[in-house]
Amino acid sequence: MEYVLHLAILICIYTILAQSLSLVAGYSGQMSLAHAGFYGIGAYVTALLSVNYDSSLLINLPVAMLLSGIIALLISALAVRAIDDFFIFITLGIQIVIYSIMNNWQDVTNGPLGIPDIPPFTIFGFTFNSKLSFLLLAALFAAVVWFLISNITKSPFGRILRALSEDEIYTKSLGKNVVRAKVISFVISAMIASLAGVIYAHYVSYIDPSSFTIDESIFILCIVIIGGMHNLRGVFYAASLLVLLPEFFRFIGLPSTIAANMRQIFYGIALIIVIYNNTARRIDHVKVLEQGIRR
Amino acid sequence: MLQIVLNIIVLSIVYALIAISFRVTQGVLRFFNIAHAIVLTLGGYLVYEMTIQCAWPLSLAVLASILITVLLMLLIDHFLYRPLRLRNAANWQLMLVSLGLYVLLQNIVSLIWGDSTLSFRFWEIKEGHMFYGLYINDLEIVTVCSGFLLLCLFWLFIEKTNVGMKIKAVSSNYELSSILAISEENAVKWSVGIGTALATCAGILIAADTDLSPTLGFNWLLYAIVVIIISGMGKIRHILLGALLLATFQHLVAYYLDSKWMNSVAYIILIIFLFFCPSGISRKRIKKVDL
């Protein structure tokens, strides 16, 4: 039973992460691979503050979200200059820089050894010690985030995001500030990702850089792509599926050494198949002519 | 200090080799083919398998592994990328497909050969030769010489042969070249073949120096992409300059700060370039980095 609760908490955390990424990757069409970095910033800020200064969560949570937002603002002011596959590569680079700082700045982050003994989630004197109470907390956060993002995407601002993901230049010609919309959506998404990091750090009570690698970023992007780019409910189902998948592999009796690889192989295949099916079979008349020439 | 200059030259030759092998496929395919990284890894592992496990001579093993990787990438291009191209897939979709493919193949490699580091170094590690107070070992000499030779051969191929000119034509303007009846598919096949062969050679040279692990290819490919972006998607000489610049910065950081920051300094250079000089060394305007 404890284990089922643990899985449910993980599903909540990954739903928050993937839905916040879907605001950037799905609605505004910027495939970001830096999401695990912001998740890690949230986790590290709250862990360092509560271990070193014993500060309360009412301070940690805003500080983590604000710091992550500021870093996202700086990064996105730069990264919006690039589009398409260049943007993906730049966010990948940023992810590696953030990971490298967590791993190498040993005076502050304790390097690969990680930060142990993070106190449990305590707010207004109530400590979320048991798994069940923590699940309720995580589910509450997930619901708030879901509500928030679905409202953002239905608002006029959400319509600008949708429009620019389809045709950026056309949206610009309608007098909408495309760059500002991109930056704002990136910052909001990074702040929500750091919220997930805060929850994660207080839940597992021990964090190290290996939870925030590029593989984690690919995993979160995989959830968004499998769940559907403009579909928050689909993202939730995909998060549940991909979190429960390793359990399925364990159930059919794969040894744990192979299971990790099999999981990643599954993500890879899923990514290929889903994108392959997403590419529309459009009849493009210029392309038909071109194919005649190619033969 | 001269020793650092020597190390920079060795490193930048390797960077240039990978960057050019990636650039020739990227120009024609028009997206960042992340699956190129697995070629670097696989080249090393295949040589390991053939020399250590099957006791083949090294030259035969190198040739066979080049053949296998080229065949693999051509098959991938034919059965995965070509249908996507015909379906008008966007660049980011193709890049994510190649990322998924990389994850798939890298995990297959680590299932077959395991995650621990392997080495196909059957020669003894000797102390390097001394030249005027500089140490250089045999492997570095081999790396520099063969890297230089491969770059010259590649330059001759791309500038002097008919196929090379067609690759250049397609990568500079594929619409115009299809009007001139230059087959895009042929150009793609040739450039993928040449690029993969070069990358396999680079992968074997790296593996001989630093030993094998399944994630070897990814890190080196990322450096190569940084080199390509700071060189501004330019010609071979721009890529050489970019490789030299990146290797210099990395070695200076390793010398003055710590070698653990070599990884992140590459991206910091990338960010600096994108901010102050988005068109890179070649100053060629590309549509992807503007606004």
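Modeller: Two residues are counted as in contact if their C-beta atoms, placed from the backbone, lie within 7 Å. The model is predicted. By that cut-off, helix 3 of chain A meets helix 9 of chain A through Asn60(A), Leu61(A), Ala64(A), Met65(A), Ser68(A), Gly69(A), Ala72(A), Leu73(A), Ser76(A) and Ala77(A). The residues facing them from helix 9 of chain A are Lys182(A), Val183(A), Phe186(A), Val187(A), Ala190(A), Met191(A), Ala193(A), Ser194(A), Leu195(A), Gly197(A) and Val198(A). Sorted by type, the residues of this contact are 14 nonpolar, six polar and one charged.

As for the geometry, helix 3 covers residues 57-79 of chain A and helix 9 covers residues 178-204 of chain A. Their axes come within 8 Å and cross at roughly 145 degrees. The crossing of helix 3 of chain A with helix 9 of chain A is right-handed.

The chain around this pair comes next. Chain A contains 13 helices and two strands. Its radius of gyration is 20 Å, close to the 19 Å that the globule rule gives for 295 residues, so chain A is as compact as a globular protein of that length. The C-alpha trace of chain A spans about 70 × 50 × 35 Å along its principal axes. Buried residues account for 45% of the 295 residues of chain A. Of the contacts in chain A between residues at least 6 apart in sequence, 78% join residues at least 24 apart.

Ile9(A) gives one view of the interior of chain A. This residue belongs to helix 1 (residues 2-27) of chain A. Ile9(A) counts as buried because it has 24 C-beta neighbours inside 10 Å; the cut-off for buried is 20 or more. Leaving aside residues up to four places away in sequence, Ile9(A) touches Phe134(A), Leu135(A), Ala138(A) and Tyr203(A). Ile9(A) and His230(A), by contrast, are 221 residues apart in sequence and 24 Å apart in space, C-alpha to C-alpha.

The buried residues of helix 12 of chain A are Gln264(A), Tyr267(A), Gly268(A), Ala270(A), Leu271(A), Ile272(A) and Ile275(A). These buried residues pack against helix 10 (214-227) of chain A together with helix 4 (91-113) of chain B.

Chain B has eleven helices and two strands, in the order α-α-α-α-β-β-α-α-α-α-α-α-α along the sequence. A compact globule of 291 residues would have a radius of gyration near 19 Å, and chain B agrees with 19 Å. Its C-alpha trace spans about 60 × 45 × 35 Å along the principal axes, and 47% of its 291 residues are buried.

Helix 2 (residues 36-53) of chain B has 18 residues that should span 26 Å at 1.5 Å a residue; its end C-alpha atoms are 25 Å apart, which agrees. Because 14 of the 18 residues are buried, helix 2 of chain B is largely enclosed by the rest of the structure. The helix is followed by Ala55(B), whose phi is positive, near 60 degrees.

Most residues other than glycine have a negative phi. Asn88(B), which is not a glycine, has a positive phi of about 60 degrees. Asn88(B) sits in the loop between helix 3 (58-86) and helix 4 of chain B, and with 14 C-beta neighbours inside 10 Å it counts as partly exposed. Ala181(B) likewise has a positive phi, near 60 degrees. Ala181(B) is in the loop between helix 7 (174-179) and helix 8 (184-210) of chain B, and with 8 C-beta neighbours inside 10 Å it counts as exposed.

Conventions: Residues numbered from 1 in each chain as written. Chains lettered and ligands numbered in written order. Predicted model: local features only at pLDDT ≥ 70, side-chain atom pairs only at ≥ 80, totals over all residues. Axes fitted to C-alpha atoms, helices over the stretch in contact; angles between N-to-C directions. Helix = DSSP H or I, 4+ residues; strand = E, 2+ residues; numbered from the N terminus. Left-handed = near helix turned anticlockwise from the far one by under 90°. Nonpolar A, V, L, I, M, F, W, Y, C, P; charged D, E, K, R; others polar. Buried ≥ 20, exposed ≤ 12 C-beta atoms within 10 Å, placed from the backbone. Rg over C-alpha atoms; globule rule 2.2 N^0.38 Å. Expected span 1.5 Å × (residues − 1).
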